[in-house]
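Please look over the sequence and the fold shown below before reading on.

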Amino acid sequence: MSNLSAPRFFNAKTETVCAWGLIVASLVFLAVFGILGLFRSGSFGFDFAVFHKAGVEFLQGQNPWLLSINTNGPFSYPPHIGAVIAVYGLLPFKIALGLHTLLNLCSIAIVAFLANHWFIGVKQGQAITVLQGLCLALVLGNPYIAHSVYEGQLSLPAVALLFLSWHFLQRERWLLAGIILGVATIKPQVAILYILWLLFSWQLRVLIVGGVVAVLLLIPSVVNYGVTDTFTAWFASMAYYAKQWANQPGSPHVVGMEGVFVSVGVLGSGVFLKVLSVLSVWWVYIKRQDLSPVFIVNLFLLIALTLIYGHDTDFVVLSLFFSYLVCLASNTQRIGALFIAGGLLALMFFPQRFIRMFDIAVLCHTRSITLLFCVYFMYRWERESTSPVVSTSPA
């Protein structure tokens, strides 16, 4: 792909200073709000506490999926995550949380590296522009990233793995792509539509390798509980998880078009939207020659969050998507496009707690609607960019 072609607002030295200022500011934002937890309720790593507790129970031979039912912390990840939580369960909580935080920070660095490699194109720190700095800052320290790190979630490692698998797929290194995909499936929402794409493109080698890795990760759970009880417990925990109001479409914490429809009184759209997600991936596959690989891989995530299911905290997987939006706006060489991109990002990042004060259900889903406009403008800007980023995917 070609690099970001951004208009310069200042002389070269001032551009460089401003760009690095944005990057440093994003890292400070991440440290202050994502690690130190300024203005945050709850303790650092309160979501990770569920993983650590599950790991301890797993090592004791107890079943964390069943034990989480009727608690405030349902544990509904697929059973092959047992190999991962066992590592955390071996360690004291603070050390395990430190290790997990380091994993999250490394995941952010991986996504930033790939963003720079795919479309930002900073080759020398002294030649960086303001808009390149902004694109990197969006990947390094936006509000969703800070929130995900503070809670201690798994979304960042999962999306970093997805992007790495996609990166190696584009380079036709199918073995690495498959191995990394297998690990990424510990968070199915991130990997599911990528897997569907691999089926459409008949990438059987990647799917087989990924499946083998997932099965190998499953072995500790099967050894602990047996095949039947492993999956029975997982299904039971998912059923309990789905009954919680905070996890149901229509809740302000659940994103996607089903939630939008529920908020205006239209029920029963879930099945239709899930079918539409499959058709959407098929459309993306048919149009793959007209879309850049970076747009395609982000569409997997966006379609899943829009048409299948996602929590508001899962917007963190779209950090690279937000950066690419600014990149494409910059490549049009039009200030108006940059204002549109800025407005869309402002809507995405606006704190929801202020919107919820109005007690108008549909307003709680403005970000799901905003994402549709983001896709529209990204598609349009890819077509008209003065420095095209479109390249044909070998998949």
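Predicted model: local features only at pLDDT ≥ 70, side-chain atom pairs only at ≥ 80, totals over all residues.

The crossing in which α15 passes α19 is left-handed. On the α15 side the contact is made by Phe295, Leu299, Leu302 and Thr306, while α19 brings Leu371, Leu372, Val375, Met378, Tyr379 and Glu382. Sorted by class, the residues in this contact of α15 with α19 are 8 nonpolar, 1 polar and 1 charged.

Helix α15 also meets α8, and here the axes come within 11 Å and cross at roughly 145°, in a crossing that is right-handed. From α8 the residues Val159, Leu162, Phe163, Trp166 and Gln170 meet Pro293, Val294, Ile296, Val297, Asn298, Phe300 and Leu301 in α15. The contact of α8 with α15 divides into 10 nonpolar and 2 polar residues, with no charged ones.

Another pair consists of helix α9, residues 174-184, and helix α11, residues 204-225, which pack at an angle of about 40° with their axes 7 Å apart. That angle makes α9 oblique to α11, and α9 passes α11 in a right-handed crossing. The residues of α9 in the contact are Trp174, Leu175, Ala177, Gly178, Ile179, Leu181, Gly182 and Val183, and those of α11 are Arg205, Val206, Val209, Gly210, Val213, Ala214 and Leu217. By class, the contact of α9 with α11 holds 11 nonpolar, 3 polar and 1 charged residues.

| Helix pair | Axis distance | Crossing angle | Handedness |
|---|---|---|---|
| α8 and α15 | within 11 Å | roughly 145° | right-handed |
| α9 and α11 | 7 Å | about 40° | right-handed |

How far apart should the end C-alpha atoms of α19 be at 1.5 Å a residue? The 19 residues of α19 should span 27 Å, and its end C-alpha atoms are 27 Å apart, which agrees. Within α19, the buried residues are Arg367, Ser368, Thr370, Leu371, Cys374, Val375, Phe377, Met378, Trp381 and Glu382. These buried residues pack against several helices, namely α7 (143-151), α13 (257-263), α15, α16 (319-331), α17 (335-349) and α18 (352-356).

Helix α10, residues 188-200, has 13 residues and reaches 18 Å from its first C-alpha to its last, close to the 18 Å expected at 1.5 Å a residue. Its buried residues are Val190, Ala191, Leu193, Tyr194, Leu196, Trp197 and Leu198, and what covers them includes α8 (155-170), α9, α11, α14 (270-286) and α15. Just after α10, Trp202 takes a positive phi of about 60°.

## Single residues, buried and exposed

Ser107 is found in helix α5, residues 93-120. Is Ser107 buried or exposed? Its relative accessible area is 4%, and buried means under 20%, so Ser107 is buried. Leaving aside neighbours within four places in sequence, Ser107 is in contact with Leu156, Pro157 and Ala160. The C-alpha atoms of Ser107 and Lys94 are 13 residues apart along the chain and separated by 20 Å.

Cys364 sits in the loop between α18 and α19, and at 13% relative accessibility Cys364 counts as buried. Not counting residues up to four places away in sequence, Cys364 touches Pro252, Gln352, Ile355 and Arg356. Cys364 and Gly259 are 105 residues apart in sequence, yet their C-alpha atoms are 9.2 Å apart in space.

Phe39 lies in the loop between α1 (12-35) and α2 (48-59), where it has a positive phi of about 65° although it is not a glycine. With 74% relative accessibility, Phe39 counts as exposed. Asn70, in the loop between α3 (64-67) and α4 (82-89), likewise has a positive phi of about 65° without being a glycine, and Asn70 is exposed, with a relative accessible area of 66%.

Note on methods:
Residues numbered from 1 in each chain as written. Heavy atoms only, no water. Left-handed = near helix turned anticlockwise from the far one by under 90°. Helix = DSSP H or I, 4+ residues; strand = E, 2+ residues; numbered from the N terminus. Contact = heavy atoms within 4.5 Å. Nonpolar A, V, L, I, M, F, W, Y, C, P; charged D, E, K, R; others polar. Expected span 1.5 Å × (residues − 1). Buried < 20%, exposed > 50% of the residue type's maximum accessible area, 1.4 Å probe, protein only. Axes fitted to C-alpha atoms, helices over the stretch in contact; angles between N-to-C directions. Parallel < 35°, antiparallel > 145°, perpendicular 65-115°, else oblique.
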